[in-house]
Amino acid sequence: LEVVDDFQSNDGRAILVQLSLVNENCEMCIETKKKWDTLVQEFHKNKEVFVSRLECDARDEALCMRIYEDIPTIFGYPSVIYGSPYALGVWYGNRDLNSLRNLASRLRAPCSPIRPDRCNRKQLHQIESMNALSVDDLDEIIVTATKKYENDYAEILRAIQNKREQILQRLEAYQLIADQDTQKLQQELNLARAVAKSVSGASYLFPSQ
């Protein structure tokens with residue numbers, strides 16, 4: 001496995017990392033170790049994505065704690081994080097070897113000062129402009145952008161929630177109609193059975209075999 005220093009300075013590559021434990025009580029961590037060792041070996045020299053496995057109760061505990069602080073949506077072990085090193089997310093998809101291999105193959109190094117080959121003209125111009133700014137000015141840009149992101153994200157969540165409630169209301173209406181139709185059909189069926197029984201004396205509670 002590659003060391004933590006490589007994870008922190010990975011030449012601007014995209015990230016695909018498992019947060020795991022060496023504790024024997026984490027059976028899933030033990031079961032997936034061989035799979036991740038294989039994945040790390042396959043992508044060891046890849047120039048687009050950095051693949052690694054962190055031992056969060058051993059050598060990599062401090063780094064894992066920082067990651068948990070930055071990504072509050074991580075729950076339990078083992079967990080998988082991926083994406084740009086500047087904006088990591090949690091992977092909720094399949095975790096079999098082929099799925100992880102396909103994910104790693106799709107990841108690409110993002111635009112950054114150390115990977116200008118991944119930048120378009122606009123991004124290169126932005127980097128050039130930002131390089132001329134002071135640290136305080138950059139901090140202000142980051143704070144402003146973060147607030148905008150949080151506000152936009154909150155607005156998106158509200159829109160999703162509203163849409164969800166509308167869909168649920170429609171489903172409830174459709175369910176009510178379906179229940180009413182089912183009740184009508186059941187009443188007709190029961191009536192037919194009752195008439196048949198009165199005529200023939202036979203029971204039609206259950207279909208004949």
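What share of the contacts in the chain with a separation of 6 or more comes from residues 24 or more positions apart? I looked this up before anything else. The share is 63%, where contact means heavy atoms within 4.5 Å.

**Entry 1: ground rules**

I am working on a predicted model, in which local features need pLDDT of at least 70 and side-chain atom pairs count only at pLDDT 80 or more, while totals for chains, interfaces and linings use all residues. Residues are numbered from 1 along each chain as its sequence is written, and side-chain values use heavy atoms, with hydrogens and water left out.

**Entry 2: confidence**

I checked pLDDT, the predictor's confidence in each residue, from 0 to 100. Its mean over the chain is 83, and 89% of the residues reach 70 or more. Helix H4 has the highest confidence, at 94, and helix H1 (residues 4-8) has the lowest, at a mean of 45. Over residues 1-6 the pLDDT stays under 50, and there the model has 14 contacts beyond four places in sequence.

**Entry 3: inventory**

I counted six helices and four strands in the chain. Both are DSSP runs numbered from the N terminus: helices are H or I with at least four residues, and strands are E with at least two. Along the sequence I read the pattern α-β-α-β-α-β-β-α-α-α.

**Entry 4: the sheet**

The four strands form an open sheet in the order S2-S1-S3-S4, with mixed pairing. Two strands pair if DSSP finds at least two bridges between them. Strands S2 (49-55) and S4 (87-90) are at the edges with a single partner strand each, so one side of each has no neighbour in the sheet. From one strand to the next the twist averages 20°; axes are lines fitted to C-alpha atoms, for helices over the stretch in contact, and angles run from 0 to 180 degrees between N-to-C directions.

I then went through two of the pairings. S1 (residues 14-20) and S3 (residues 79-84) are antiparallel over five bridges, and Leu16 has Tyr82 in S3 as its bridge partner. Helix H3 (residues 61-70) packs on the sheet and touches S1, S2 and S3, with its direction at about 110° to that of S2. Helix H4 (residues 97-106) also packs on the sheet, touching S1, S2 and S3, and its direction makes about 145° with that of S1.

S3 and S4 are antiparallel too, over four bridges, and a hairpin of two residues joins them. Here the bridge partner of Ile81 is Val90 in S4.

**Entry 5: the inside**

How much of the chain is made up of buried residues? I found 26% of the 209 residues. Buried means under 20% relative accessible area, exposed over 50%, and partly exposed in between (1.4 Å probe, protein chains only).

I looked next for nonpolar cores, which are sets of buried Ala, Val, Leu, Ile, Met, Phe, Trp, Tyr and Cys residues joined through side-chain atoms within 4.5 Å. The largest has 16 residues, of which Val17, Leu19, Leu54, Ile67, Ile74 and Ile81 touch the most other members. S1, S2 and H3 each supply at least two residues of this core. A second, separate core has 14 residues, including Ala14, Phe43, Trp91 and Leu100.

**Entry 6: one face of H3**

Which residues of H3 are buried? They include Leu63, Cys64 and Ile67. Down the axis of H3, its buried residues fall within an arc of 100°, so they line one face of the helix. The arc is that of the directions from the helix axis to the C-beta atoms.

**Entry 7: two loop residues**

Pro78 is in the loop between H3 and S3. A cis peptide bond joins Tyr77 to Pro78, with omega about -10°. For background, most peptide bonds are trans.

Ser112 is in the loop between H4 and helix H5 (121-131). Is Ser112 buried or exposed? Ser112 counts as buried, because its relative accessibility is 3%. Beyond four places in sequence, Ser112 is in contact with Tyr86, Cys119 and Ile127. Ser112 and Ser84 are 28 residues apart in sequence, and their C-alpha atoms are 10.0 Å apart in space.
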